[in-house]
Amino acid sequence: MNKITRDQIELLIELQQKEAEVTQVQRCLDELPAKIDQISSGLKEFEGAITIKKESLSELKKVYRSYDAEIEANSARIKKREEQLHAVTTNKEYQALLKEIEEIKKANSRIEDQTIACLDEIDAVEKEVKEKEEEFMSEEAEVNEQKVVFESDADSERRSLDALLVQRDEVAATIDPELIKQYELIKSYARDIAIVQVKDCICMGCNMNIPPQMYNELHRENEMKTCPHCHRMLYVIQ
Ligand SMILES: [Zn+2]
């Protein structure tokens, strides 16, 4: 076992504390892209819904134009039949033309009704699109504001990460290299926790009892001891 002083134990604890802080800050930074994605995803869905509405609006306008073209074609047909009326020689032909003109007028009247309904629908959908677009813009502004806050938080986290890394290195530089090596090794298999407190004979790393004699020896703080179960370095608070 390594010979050790209380100072070295305290420095190892401090090192572990700094490293835990580094991990925590790093985790926050790593989560940032997902957080930004999350607040932007609602916006994307919203945008998609508006696009679908706009597509249905353009379909409605197409229908409207086709009605309009039909009415115009029918009007031309009526005009032509009316001209033909002057040229007919028999009453039968005259009546037939009149009947035809009447049929075309009826058809046009039906199409006009459909056109009015179509225009009403266009108005309603246009109004809806406009409202949705306004709503989208205000949501987008909110999301952008939120992103600025996230970015500024991330900046300060990056700064504190840099400072923590410097502090961590400063602490590490004051610890016996052999002890650091042992610490790193334990950290690599003990889920990042290499040094743990022993309370009432119980290792706080694995919650198992350590031999009472070892517990007594730990109070001398002159030797680095490791838990017989989880192999972490041990210390006591006196
Ligand atoms: Zn243990």
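Trainee: Why is glutamate 19 called buried?

Mentor: Glutamate 19 has a relative accessible area of 12%. Buried means under 20%, exposed over 50%, and partly exposed in between, with a 1.4 Å probe and protein chains only, so glutamate 19 is buried. This is a predicted model, in which local features need pLDDT of at least 70 and side-chain atom pairs count only at pLDDT 80 or more, while totals for chains, interfaces and linings use all residues. Residues are numbered from 1 along each chain as its sequence is written, and side-chain values use heavy atoms, with hydrogens and water left out.

Trainee: What makes the meeting of arginine 168 and glutamate 19 a salt bridge?

Mentor: Their side chains come to 2.7 Å, N to O. A salt bridge requires a side-chain nitrogen of Lys or Arg within 4 Å of a carboxyl oxygen of Asp or Glu, so the pair qualifies. Arginine 168 in helix H2 (residues 91–173) and glutamate 19 in helix H1 are 149 residues apart, and the pair links distant parts of the chain. Helices are DSSP runs of H or I with at least four residues, strands are runs of E with at least two, and both are numbered from the N terminus. Arginine 168 is also buried, at 16%.

Trainee: Why are glutamate 128 and lysine 53 said to tie parts together?

Mentor: Glutamate 128 is in helix H2 and lysine 53 in helix H1, so their pairing joins parts 75 residues apart in sequence. Their salt bridge is 3.5 Å, N to O. Glutamate 128, at 29%, is partly exposed, and lysine 53, at 28%, is partly exposed.

Trainee: How do you know that glutamate 59 and lysine 62 are separated by about one helical turn?

Mentor: The two residues are 3 residues apart in helix H1, which means a separation of about one helical turn. Glutamate 59 is partly exposed, at 43%, as is lysine 62, at 46%. Elsewhere, salt bridges that share partners join Glu19, Arg168, Asp169, Glu184 and Lys187 into one network.

Trainee: Why is the site of the zinc ion called tetrahedral?

Mentor: The angles among its 4 donor atoms are 104 to 115 degrees. Four donors count as tetrahedral if all angles lie between 85 and 135 degrees, so the site is tetrahedral. The donors are the SG atoms of Cys203, Cys206, Cys227 and Cys230, at 2.3 to 2.4 Å. A donor is an N, O or S atom within 2.8 Å of the metal (3.2 Å for Na, K and Ca); water is not among the atoms, so sites may look incomplete. In sequence the donor residues follow the spacing C-x2-C-x20-C-x2-C.

Trainee: How do you know that cysteine 203 and cysteine 230 are buried or exposed?

Mentor: Cysteine 203 has 0% relative accessibility and therefore counts as buried. Cysteine 230, at 13%, is buried.

Trainee: What makes S2 and S3 edge strands of the sheet?

Mentor: The open sheet of 4 strands has the order S2-S1-S4-S3, with mixed pairing. S2 and S3 each have a single partner strand, so one side of each lacks a neighbour in the sheet. Strands pair if DSSP finds at least two bridges between them; S1 (residues 195–199) and S2 run antiparallel and are joined by 2 bridges. The bridge partner of valine 198 in S2 is cysteine 203.

Conventions:
Tetrahedral: all angles 85-135°; square planar, octahedral: opposite > 155°, others 65-115°.
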